[in-house]
Amino acid sequence: MNAVRAAWRLWRAVLHALGGLATIVFVFPRLHDAQREARVQAWSLRMLTLLNVRLDVRGEPPRAGPVLLVANHISWLDILVMHAARYCRFVSKADVRHWPLIGTLATGGGTIYIERESRRDAMRVVHAMAASLKRGEIVAAFPEGTTSDGITLLPFHGNLIQAAISAHAPAQPVGLMFIDAKTRTVSHSPSYVGDETLLGSVWRTVSGPPLVAVVHYGEPQQALGRGRREWAADLRSAVAALRQG
């Protein structure tokens, strides 16, 4: 029965994703930015519900930009969770653009893509992020550069933090956690790290116990003369504290 229930959840999630695709193709061209952002947030919240994930928002999400959200990275669910809490433009690896269905959804959601292996492309993305911040937008990045196990917090790379410095915009730390709704302990069901596959992570999520996705917003920070590496280290410390509750 558990496998049947999980398959039903997954099927409904796929249908919801296809509905999102149709919205991007046929509806988004007629909407202005604020309407698109509201649609993305509502769609993400509904997707979490279909996946049996409850959202727990702590702290104060930004009401408006410009602000650079800086979060730890655990799972493919992170982007859905942060979109559901507050719409933002994500910086994501370029591979995602070519993923079937997911790539179109990510692009429609305003994702900024980066070739992580290319230093030249990293500079292009920093300029694109800074331009977005100067337009008053909310941009989100995962400075670890990859997913971690949800327990260990990897070093934060300073490259993307440079965008906030260049745009004279604040950076706001965000701590992400996934908790088993029944035991209230940290859950590793949605983890996507190392040799784990995306399909395996998705199946563990839909077939496991209900989850609570915690999004904990800290206080926005200004650079105050800090360089990108120093500021990245301080933001990492803030994110680490937010993940403790």
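Visitor: Contact is taken as heavy atoms within 4.5 Å. Which strands does helix 5 lie across?
Guide: This is a predicted model, whose local features need pLDDT of at least 70 and side-chain atom pairs pLDDT 80 or more, while totals for chains, interfaces and linings use all residues. Residues are numbered from 1 along each chain as its sequence is written, and side-chain values use heavy atoms, without hydrogens and water. Helix 5 covers residues 119-134 and runs at about 165° to strand 4 (fitted C-alpha axes, N-to-C, 0 to 180 degrees; for helices, the stretch in contact). The strands that helix 5 lies across are strand 2 (67-71), strand 3, strand 4 and strand 5.

Visitor: In what order do the seven strands of the open sheet stand?
Guide: Helices (H or I, at least four residues) and strands (E, at least two) are DSSP runs numbered from the N terminus; paired strands share at least two bridges. The pairing is mixed, and the order is 1-7-6-2-5-3-4.

Visitor: Which are the edge strands, and what is the average twist?
Guide: Strand 1 (53-58) and strand 4 (112-114) are the edges, each pairing on one side only. From one strand to the next, the twist averages 25°.
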